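I opened this notebook to record what I looked up in a single structure. The entries go from the whole chain to particular contacts.

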Amino acid sequence: MTVAEVRKRYLDFFAKRGHVIIPSAPIVPENDPTTLFTSSGMQPLVPYLLGQTHPEGTRLVDSQLSFRAGDIEEVGDNRHTTFFEMLGNWSLGDYFKKEQLPWIFEFLTSKEEGLGFDPNKLYVTVYDGDVEANMELDIEAVDIWKNLFKEKGIEAELVRIGMEEEGYEKGMQGGRIFSYGSKKNWWSRSGVPRNMPVGEPGGPDSEIFYDFGTPHDQKWGKECHVNCDCGRFVEICNSVFMQYMKNADGSFLVLPKRNVDFGGGLERLTAATLNTQDVFDIDVFDETRSKLEEISGEKYTQSTEITRSFRIVLDHVRAAVFIMAAGVQPAHSEQGYILRRLLRRSMLFLNRLKPESSDTGSFTLGWIVESFIKMYADDYPHLKSKEKEIQDYVIAEENKFLFTLKQGMREFERISIASINGTQIVKDLDSDAVFKLVTSHGFPFELVQELAKERGLGVNEMVFAKDMKAHQEISRAGAAQKFAGGLADHAEQTVRYHTAHHILLKALQMVLGPEVHQRGSNITSERLRIDFSYGAKMTDEQKAEVEKIVNEKITEAIPVVRTDMPKEEAEKLGAEHEFGATYPDTVSVYSVGALDTAFSIEFCGGPHVSNTKELGEGNKKFKITKEEASSAGIRRIKAVSE
Ligand SMILES: [Zn+2]
Ligand SMILES: [Zn+2]
């Protein structure tokens with residue numbers, strides 16, 4: 001099916017069941033200063049879910065234009081997009097579970113009215129309960145699902161999983177309904193029941209997965225389960241049942257007016273109707289993708305790198321079109337800054353597909369913009385009426401960017417030569433110079449990274465993030481804080497995770513043995529990731545012990561100290577090497593605690609927090625969210641503070 005068909009079928013299906021079709025709220029929220037973009041179907045409806053009366057009644061359905069800026073860097077695989085449409089239906093104190101689950105099942109399986117999925121390919125999850133919150137298995141949902149599958153001649157057995165990690169041990173066991181704990185199948189704005197403030201509504205949810213039938217990859221864990229990351233199962237939708245409110249004593253009150261919030265990714269559902277795991281393999285991208293193949297002479301599926309470039313261009317330009325249609329222009333702050341990033345990244349990746357002897361006119365964004373506007377014009381006529389304006393923004397931005405690139409390249413040459421002659425650790429590009437290149441010249445940081453890689457130079461992302469933070473604070477003091485705040489938090493959290501990373505490595509050595517060493521690392525503001533040498537899966541006890549040590553070091557409020565010293569001396573101290581780095585004769589080491597009594601010492605350029613207590617600010621606890629194989633003899637841990 002096409003995107004338009006799936007959307008229409010869904011809206012019609014629920015309209016026929018008493019729902020009023022409401023238009024998508026703007027992708028740029030009009031009256032919400034706390035957020036830059038609408039990122040889900042629920043977001044514009046929050047006031048109504050919290051009790052305000054909706055003018056259109058108690059049964060609503062829509063397809064919401066959504067954008068998630070946080071996913072910009074994730075685009076390139078077969079499932080991430082920054083822009084998407086989210087199908088949603090709502091009961092505001094009207095119907096509940098026993099209507100919602102049968103309806104959505106009928107919509108997914110009916111050939112006449114819905115998407116016609118084979119019910120054998122659908123698997124569902126329900127809430128397993130939570131001892132701490134005194135919540136039990138959502139048996140009501142289990143019974144409804146058993147009956148629904150039975151009507152299709154399928155014996156649907158319940159398998160109780162609990163925590164996601166347990167899924168990799170327990171496996172499918174021939175089940176159809178799987179129950180997971182609070183982290184997977186509980187919804188509230190603040191996450192699991194424990195984190196909810198008093199008076200906050202929340203409740204269990206029930207997700208539906210589509211089985212693509214591809215073989216399980218053991219790199220993710222021993223057994224496959226519906227929440228496995230191997231790609232066999234893809235979550236296509238979720239029904240949230242807001243039925244509780246948190247009391248002051250930590251218990252939960254059953255709400256007299258219960259709500260349903262359903263969300264389903266339109267693009268993912270469409271891909272599932274075509275039995276493809278690739279969300280870029282659907283009709284809205286077809287024409288542009290084929291033309292890109294034609295003009296570049298590259299096949300979409302040629303290589304991972306080529307596929308990635310195609311996807312980035314397709315995703316970013318489509319997103320940019322919808323954002324510009326909402327009245328946003330490329331600018332240096334807020335929505336305009338995100339838009340500029342999308343356009344500039346699109347240009348970079350589009351030009352990466354460019355063969356030597358090509359016609360440069362084809363390698364500008366105009367025709368891609370036009371192609372998406374045409375594709376969506378019937379369902380979103382406002383795109384068409386803004387076309388001239390959108391094309392003008394794009395041309396202006398392209399010209400600006402070309403100029404920037406020319407100037408920036410000259411500046412980059414200058415600083416890269418200086419760095420080679422300098423004496424920085426790992427021949428890092430001078431951070432101040434990089435910062436100036438990005439902020440004053442508008443040169444894309446992605447391009448700096450790439451050029452640096454080509455020349456064997458390093459770029460210290462964390463120093464850059466910290467500088468960016470300071471820059472944002474100065475340039476936006478007094479202006480709207482949300483964006484500055486966002487970026488500042490981003491940088492601050494990244495720095496905290498870096499310090500947590502050092503403590504974690506030491507804790508791993510204490511628990512698993514001194515032969516554990518770092519083999520890779522990746523830190524974002526969302527989480528930290530470490531790859532380390534170790535031959536076996538960690539037990540739950542080992543993970544708990546590691547978490548405990550890290551949290552103790554945070555509570556102990558230990559100063560983090562930088563010392564510069566000769567390389568040999570640092571080696572004598574047993575300082576841990578940062579992975580993949582080479583060092584000059586004089587190095588900096590960071591120690592958690594004074595050098596002679598330090599808990600951990602590492603060769604490192606920083607930046608770090610000045611005291612470990614900063615990691616626990618806001619009562620945050622360090623937690624390992626995932627432990628898995630990364631490659632032979634290497635384990636990978638993801639961890640967060642929450
Ligand atoms: Zn799997
Ligand atoms: Zn470090």
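**Entry 1: the model and the whole chain**

I note at the outset that this is a predicted model. I looked up the secondary structure and found 19 helices and 17 strands in the chain. I then checked the radius of gyration, which is 26 Å; the globule rule gives 26 Å for 642 residues, so the chain is as compact as a globular protein of that length. For the extent of the C-alpha trace, I recorded spans of about 75 × 60 × 50 Å along the principal axes.

**Entry 2: helix 1 with helix 7**

I asked at what angle helix 1 and helix 7 pack. Helix 1, residues 3-15, meets helix 7, residues 266-273, at about 110°, and the two axes are 9 Å apart. An angle from 65 to 115 degrees counts as roughly perpendicular, and therefore helix 1 is roughly perpendicular to helix 7. From helix 1, I listed V3, V6 and R7 as the residues in the contact; helix 7 contributes L266, E267, L269, T270 and T273. Sorted by class, the residues of this contact of helix 1 with helix 7 are four nonpolar, two polar and two charged.

**Entry 3: helix 3 with helix 4**

I next examined helix 3 (residues 97-109) against helix 4 (residues 139-151), whose axes lie 10 Å apart at an angle of about 35°. Is the crossing of helix 3 and helix 4 left-handed or right-handed? I recorded a right-handed crossing for helix 3 past helix 4. On the side of helix 3, the contact involves K97, K98, L101, P102 and F105; on the side of helix 4, I found E140, A141, I144, W145 and L148. The class count for the contact of helix 3 with helix 4 is seven nonpolar and three charged residues, with no polar residue.

I traced an open sheet of three strands, ordered 13-14-15, with antiparallel pairing. Which strands stand at the edges? They are strand 13 (560-566) and strand 15 (600-603); each has a single partner strand, so one side of each is left without a neighbour in the sheet. I noted that neighbouring strands in this sheet are turned against each other by 25° on average, direction ignored.

I then followed the pairing of strand 14, residues 586-592, with strand 15: the two run antiparallel and are joined by four bridges.

Methods. Residues are numbered from 1 along each chain as its sequence is written. Chains are lettered from A and ligands numbered from 1 in the order in which they are written. This is a predicted model: local features need pLDDT of at least 70, side-chain atom pairs count only at pLDDT 80 or more; totals for chains, interfaces and linings use all residues. Two strands pair if DSSP finds at least two bridges between them. Axes are lines fitted to C-alpha atoms, for helices over the stretch in contact, and angles run from 0 to 180 degrees between N-to-C directions. A crossing is left-handed if the near helix is turned anticlockwise from the far one by less than a right angle, and right-handed if clockwise. Two residues are in contact if their C-beta atoms, placed from the backbone, lie within 7 Å. Ala, Val, Leu, Ile, Met, Phe, Trp, Tyr, Cys and Pro count as nonpolar, Asp, Glu, Lys and Arg as charged, and the others, Gly among them, as polar. Angles under 35 degrees count as roughly parallel, over 145 as roughly antiparallel, 65 to 115 as roughly perpendicular and the rest as oblique. The radius of gyration is taken over C-alpha atoms; the globule rule is 2.2 Å times the number of residues to the power 0.38.
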